Amino acid sequence: MSLIGKQIKDFSVQAYQNGDIRTVTKEDVLGKWNLFFFYPADFTFVCPTELEDLQNNYEKFQAAGAEVYSVSCDTEFTHKAWHDESERIGKVTYPMLADPAHKLAKMFKVLIKDAGQAERGAFIVDPEGTIQVQLITAGGIGRNADELLRLLQAAQFVAEHGDQVCPAKWQPGAETLAPSLDLVGQL
């Protein structure tokens, strides 16, 4: 089921970030672009490589006016323990959202009920709280922060220039397309 164009619901969860635990709500995400990056569990295999990749690109997401939220069904205390024990996760400075009650995993429809874990889902949410990008991969397939950043930038471009669309492999500054009957069969 596609969540594209759907509004996120109200939520309140705990986050571990930079040695502190704080509350994150829907109000915190409104007014800016956001990446919700779900992963199955702390202390696992593919997950730390993904979260490190996001951290290595975090400044680029921030420069694009977006916040990154990693999300698992672990607690904020488990996030802290993982942050303290893992060299890769110890680098993470973006908020690590705790979802032990599965509020976010259910809202974004990535909950694996039998496992109590989330699928590998990535969602780009615009400043109004509307989901613009939805990407879900199988558990053994890690995601690429560069591609997620490109998708964010494309979503931002389309939001700003509603009469233009971004073709495959589009990068900021590259040529876009203006949909029209004149283009049909010409590409």
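Visitor: Which residues touch the most other members in the largest nonpolar core?
Guide: Leu35, Leu51, Leu54, Phe61, Met96 and Leu152 do, in a core of 27 residues. Bear in mind that this is a predicted model.

Visitor: Which elements supply at least two residues each?
Guide: S3, H2, H3, S4, S8 and H6 each do.

Visitor: And where does the largest share come from?
Guide: From H6, with six residues of this core.

Visitor: Let's do H6. How many residues, and what span?
Guide: H6 covers residues 145–160, which is 16 residues. From first C-alpha to last, H6 reaches 22 Å. That is close to the 22 Å expected at 1.5 Å a residue.

Visitor: Which of the H6 residues are buried?
Guide: Ala145, Leu148, Leu149, Arg150, Leu151, Leu152, Ala154, Ala155, Gln156 and Phe157. Arg150 and Gln156 are on that list too.

Visitor: What happens at the start of H6?
Guide: Asn144 sits there with a side-chain oxygen within 2.7 Å of the backbone nitrogen of Asp146.

Visitor: Now the strands. How many residues of S3 are buried?
Guide: Six of six, over residues 33–38. Both faces are covered. Trp33, Leu35 and Phe37 are on one side, with Asn34, Phe36 and Phe38 on the other.

Visitor: What does S3 pair with, and in which sense?
Guide: S3 pairs with S4 (residues 66–72) in the parallel sense, over six bridges. S3 also joins S8 (residues 120–125) through four bridges, and those two run antiparallel.

Visitor: Which residues are bridge partners there?
Guide: On the S4 side, Trp33 partners Ala66, and Asn34 partners Glu67. On the S8 side, Phe37 partners Ala122.

Visitor: Why call S4 largely enclosed?
Guide: Because seven of its seven residues are buried. Ala66, Val68, Ser70 and Ser72 point one way from S4. Glu67, Tyr69 and Val71 point the other way, and all are buried.

Visitor: How many bridges join S4 to S5?
Guide: Three, and the two strands run parallel. Ser70 stands opposite Met96 in S5.

Visitor: Change of topic. How many disulfides are there?
Guide: Zero, from a search of the whole structure. For Cys47, the nearest cysteine sulfur is that of Cys73, 11 Å away.

Visitor: Is Cys47 buried or exposed?
Guide: Cys47 is buried, at 1% relative accessibility. Cys166 is partly exposed, with a relative accessible area of 22%.

Visitor: Where is Ser86?
Guide: In the loop between helix H4 (76–85) and strand S5 (96–98). Ser86 counts as buried because its relative accessibility is 17%, and the cut-off for buried is under 20%.

Visitor: What does the Ser86 side chain reach?
Guide: The backbone nitrogen of Ile89, at 3.2 Å.

Visitor: Last one: which residues other than glycine have a positive phi?
Guide: Asn18 and Lys109 are two to look at. Phi of Asn18 is near 50 degrees, and that of Lys109 is about 60 degrees. Most residues other than glycine have a negative phi.

Visitor: Where do they lie?
Guide: Asn18 is in the loop between S1 (12–17) and S2 (20–25). Lys109 is in the loop between H5 (103–107) and S6 (111–112). Lys109 is partly exposed, at 48% relative accessible area.

Notes:
Residues numbered from 1 in each chain as written. Predicted model: local features only at pLDDT ≥ 70, side-chain atom pairs only at ≥ 80, totals over all residues. Heavy atoms only, no water. Buried < 20%, exposed > 50% of the residue type's maximum accessible area, 1.4 Å probe, protein only. Pairing = 2+ DSSP bridges. Expected span 1.5 Å × (residues − 1). Polar contact = N/O pair within 3.5 Å; in protein donor to acceptor, adjacent residues only side chain to side chain. Core = buried A, V, L, I, M, F, W, Y, C linked by side-chain atoms within 4.5 Å. Disulfide = S-S within 2.5 Å.
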